[in-house]
Amino acid sequence: MTSRQRDGAGAPMQLRCEYLTDPLGIEERVPRLSWVVNDERRGAIQTAYQILVAASRESLAAGDADVWDSGRVESDRCAHVEYDGPVRESRRRYWWKVRTWDAEGAASPWSEPAWWEMGLLEPADWTAEWIGMRDERRPQPATYLRREFRLERPVRRARLYATALGLYLLRLNGRAVSDDVLAPGWTDYRKRVMYQTYDVTDMLQDGANALGAVLGEGWYCGQIGWGQGEDQFGEHPPRLLAQLEVEFEDGVTQRVTTDGTWRCGEGPIRRSQFYDGERYDARREMPGWDRAGFDDADWQPAETFEDAGAERNARQHPPIRVTEELRPVGVEEIEPGKYVFDMGQNLVGFCRLRVRGPAGTEVTLRHAEVLNDDGTLYTENLRKAKATDTYVLRGGEEETFTPHFTYHGFRYVEVTGYPGTPDEDDLTGLVVHNDCAPAGRIETSSEMVNRLQRNIVWGQRGNMHSVLTDCPQRDERLGWMGDAQMFAPTACYNMDMAAMLTKFARDMMDEQTPEGAFPDVCPYLSPKGLLPPAGAPAWMDAGVIVPWTVYQFYGDRRILERHFESMCRYVDYVSGENPEGIWENARGNDYGDWVPAGEQTDKTMFATLNHFYSTTLTARTARVLGREEAGEKYEARARAVRDAFNERYLREDGTYENATQTVCALALAWGVAPEEHRASVADDLVANIEGRGGHLSTGFGGTQWLLPALCGTGHEDVAVRLLLQREQPSWGYMIEKDATTIWELWDSDTAGPSMNSRNHFAYGSVGQWLFGWLAGIRTEADDWAQFSVTPCPAPAGGELTRVRATYASIRGEIVTEWQVNDEGLEVTVRVPANSRATLSLPASDPEAVTESGRPAADAEGISAVRAEDGRVIYGLSAGTYMFTVRE
């Protein structure tokens with residue numbers, strides 16, 4: 001805790017702008033500021049705040065708000081407070097700090113200073129040209145680009161703005177400009193391209209300087225989509241756009257921009273593609289090519305290209321980086337000269353190779369998720385992806401190789417051609433994904449559940465590469481929208497996904513058709529013509545569900561404002577195609593409840609349930625935004641869909657026709673089942689589960705809501721038994737088979753190779769239940785100002801006797817922990833400052849509940865005690881509470 005006062009609030013913490021800490025180069029013209037109230041006292045609340053914004057750190061420290069002073073604002077708001085000062089200017093840095101007042105009117109200390117810096121806000125700010133090098137070879141070797149320039153006066157600051165159609169790496173005076181991987185990231189380059197801003201002030205030198213870049217094909221014109229189709233988003237060659245702006249101490253600015261004066265050539269990266277991997281010939285390295293004085297006489301002038309007209313936006317989400325290094329847990333020589341390394345974890349990224357040997361020696365690295373029975377790599381599930389990196393030694397001293405424009409999904413690496421005998425220190429696994437901060441953590445008494453949570457997180461890490469992808473290893477790796485929306489709540493519990501999902505939601509809106517339909521994948525492409533512009537039910541619904549999820553977890557009204565018309569157009573599109581309420585006219589693909597465990601859900605029922613859900617969320621969005629007429633319209637449409645569904649499918653005994661587990665779960669969780677028939681639908685669901693020996697049968701679409709539906713109808717015991725099941729199909733079965741991520745199929749260990757990823761997060765959507773029901777942390781209001789804690793304790797004496805969860809909400813850390821024993825139930829809850837919680841405990845008598853050894857009803861910070869349906873409900877203000885239930 002920083003800047004604590006002994007008897008009052010400390011200085012506000014975790015200052016962020018647009019979800020990011022000290023963001024460099026943003027484009028939001030009305031930036032939003034957030035902080036966490038720093039006060040451990042029970043009942044702590046913010047009653048007012050004041051924000052100061054200054055043009056320099058020195059002015060801010062002196063209390064001189066020469067840009068904006070909010071004054072004292074009477075409000076408990078601490079998230080998404082809009083800057084209301086003068087018009088923002090391109091390139092300008094703004095310094096800010098905040099203080100708060102508590103319920104007694106006492107002011108906190110000022111926070112530590114934070115800042116944000118604007119990017120290039122106007123098209124006219126860009127003077128650079130797109131450049132590249134034409135090459136008819138496919139795959140095209142990486143393009144190397146360079147330009148020398150001189151600086152003759154003292155430098156105050158320097159910014160490098162850069163992007164590419166393709167992928168790029170930047171070098172300045174022999175050093176890497178950043179640790180970004182796979183920049184600028186994936187968008188539909190026909191419509192939008194992201195640029196990055198780098199502070200390179202300390203990298204410049206007096207006199208001669210050299211700026212260099214390396215270009216790869218990436219998503220723009222490289223392998224993407226089945227069949228390894230190239231040029232999906234644009235034509236070769238890859239292109240660079242870069243603008244270095246150097247501001248001198250005397251106020252003069254010098255610009256170095258990409259144009260026809262740059263030189264280009266090729267070097268050691270002979271190919272580097274997502275599916276097939278990289279070939280690197282170190283004999284072709286060009287020492288000093290990225291430094292001043294290099295002889296580039298053999299290079300050629302770079303070619304300039306017309307701007308394609310795509311909108312240029314500042315990157316708004318964390319970059320892709322190497323976030324962890326893994327040492328192999330073992331290496332085995334399976335035949336002479338062929339070594340298989342086991343990383344101990346199915347990871348996504350690439351390897352760093354250490355080697356020494358004669359020039360021209362080729363060392364090959366092949367990647368796979370699992371092994372055959374004979375210890376060789378199982379690669380059939382990679383389909384056409386070769387997943388192979390090759391390094392050609394230059395000879396001499398020890399050499400190190402790391403690929404540049406590719407990534408693989410793997411646990412095992414086969415190494416051949418190695419000179420000598422490699423050991424475990426010669427290969428390191430590098431984990432690569434968007435560097436979203438961890439948010440949630442769960443620890444339980446069950447090692448199986450702990451393993452499950454770790455597998456879910458590893459699956460999420462493995463499928464975050466600018467978008468949420470379906471799989472990271474085979475010749476696919478697309479942004480399947482159905483998978484993404486089903487997993488989105490789990491993703492938000494695990495990590496801070498606000499900026500990442502905001503970017504992905506914008507990608508979805510980019511791909512919406514004029515009629516209102518969304519595609520199956522985003523960014524949209526249709527390899528072999530298999531994916532029409534109008535996607536499938538549940539996949540298209542991501543265009544509604546993902547923005548709503550961002551609002552639900554982060555209180556972000558702006559994303560609803562920006563997506564509301566898009567949401568309405570989508571719901572209107574489906575309604576127009578199906579005016580009677582039953583979704584029978586799916587124009588595109590229709591996947592239904594994808595890859596279920598032995599029980600096929602009627603596709604029309606599945607589609608109609610999803611239409612109801614999206615229509616309901618659109619109505620809620622309208623109400624949040626004060627669009628009352630639209631709210632009434634979509635509420636009426638949702639009722640019509642619900643009534644049509646029940647009229648067609650609900651039987652007289654209160655159960656559904658074709659009542660698969662998915663149908664029952666969605667009807668219960670989403671409020672389709674009439675109140676008077678919820679018990680019968682739930683009983684039917686339980687009978688289905690018990691009739692299958694206590695096993696689930698759901699696919700992607702039903703799994704997310706199966707356990708919540710059981711808990712919502714009083715069948716917590718059945719939900720826990722499903723969680724702890726070890727026989728196939730189950731999460732426990734995957735773990736028994738040594739899975740370290742979530743499988744694509746419940747039976748991936750025996751299913752065929754054509755569609756059998758071992759790293760596919762969709763069935764990890766159970767993570768939403770782990771946090772929201774088992775641990776009990778669920779939001780009730782935007783930005784977690786009000787949330788509920790309704791833990792789902794298992795019976796004493798079983799495998800699951802303790803659960804502890806933490807979640808870093810936008811208002812601060814929430815903690816819940818419960819433990820059952822022969823004497824009763826113990827529950828600990830931490831409510832962050834400036835928030836309130838509703839706690840529901842399983843107890844029939846309020847007098848059986850104590851808090852810190854005294855009657856709970858009398859404890860400080862507790863209000864609104866009531867008993868209902870075998871539970872006692874408490875209102876909790878901020879603070880940490882320790883409850884005991886003895887009945």
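## Strand pairing, burial and salt bridges in a predicted model

Strand E41 (residues 812-821) and strand E42 (residues 824-831) run antiparallel and are joined by 7 bridges. Strands here are DSSP runs of at least two residues (E), helices are runs of at least four (H or I), and both are numbered from the N terminus; two strands pair if DSSP finds at least two bridges between them. Within this pairing, Val820 has Leu825 in E42 as its bridge partner. An open sheet of 7 strands, with antiparallel pairing, has the order E35-E40-E41-E42-E48-E44-E45. Strand E35 (440-444) and strand E45 (854-855) stand at its edges with a single partner strand each, so one side of each is left without a neighbour in the sheet.

This is a predicted model, in which local features need pLDDT of at least 70 and side-chain atom pairs count only at pLDDT 80 or more, while totals for chains, interfaces and linings use all residues. Residues are numbered from 1 along each chain as its sequence is written, and side-chain values use heavy atoms, with hydrogens and water left out.

### Overall form

The protein contains 15 helices and 48 strands. Its radius of gyration is 28 Å, close to the 29 Å that the globule rule gives for 887 residues, so the protein is as compact as a globular protein of that length. This radius is taken over C-alpha atoms, and the rule is 2.2 Å times the number of residues to the power 0.38. The C-alpha trace spans about 85 × 70 × 55 Å along its principal axes. Of the 887 residues, 64% are buried; buried means under 20% relative accessible area, exposed over 50%, and partly exposed in between (1.4 Å probe, protein chains only).

### Helix H10

Helix H10 (residues 661-669) is mostly covered, with 8 of its 9 residues buried. Among the buried residues are Cys664 and Leu668. Their cover includes helix H8 (603-624), helix H11 (678-691) and helix H12 (700-711). Gly671 follows H10 and has a positive phi, near 80 degrees.

### Salt bridges

A salt bridge is a side-chain nitrogen of Lys or Arg within 4 Å of a carboxyl oxygen of Asp or Glu. By this rule the count comes to 84.

| Pair | Closest N to O |
|---|---|
| Arg830 and Glu40 | 3.0 Å |
| Arg315 and Asp180 | 2.9 Å |

Arg315 lies in the loop between strand E24 (311-314) and strand E25 (320-326), and Asp180 in the loop between strand E14 (175-176) and E15, 135 residues apart. Both Arg315 and Asp180 are buried. Arg830 salt-bridges to Glu40: Arg830 lies in strand E42 and Glu40 in the loop between strand E3 (32-36) and strand E4 (48-54), so the pair ties together parts that are 790 residues apart in sequence. Glu40 is partly exposed, with a relative accessible area of 38%. Arg146 is buried at 2%, whereas Glu148 is partly exposed at 30%.

### Surroundings of Gln196

Gln196 lies in strand E15 (residues 192-199) and is buried, with a relative accessible area of 1%. Its side chain joins that of Tyr168 in a polar contact of 2.6 Å. Such a contact is a pair of N or O atoms within 3.5 Å; within protein, one must be able to donate a hydrogen and the other to accept it, and residues adjacent in sequence count only if both atoms are side-chain atoms. The side chain of Gln196 also reaches the backbone oxygen of Pro184 at 3.2 Å. Residues that Gln196 touches (heavy atoms within 4.5 Å) include Asp180 and Arg315, not counting residues up to four places away in sequence.
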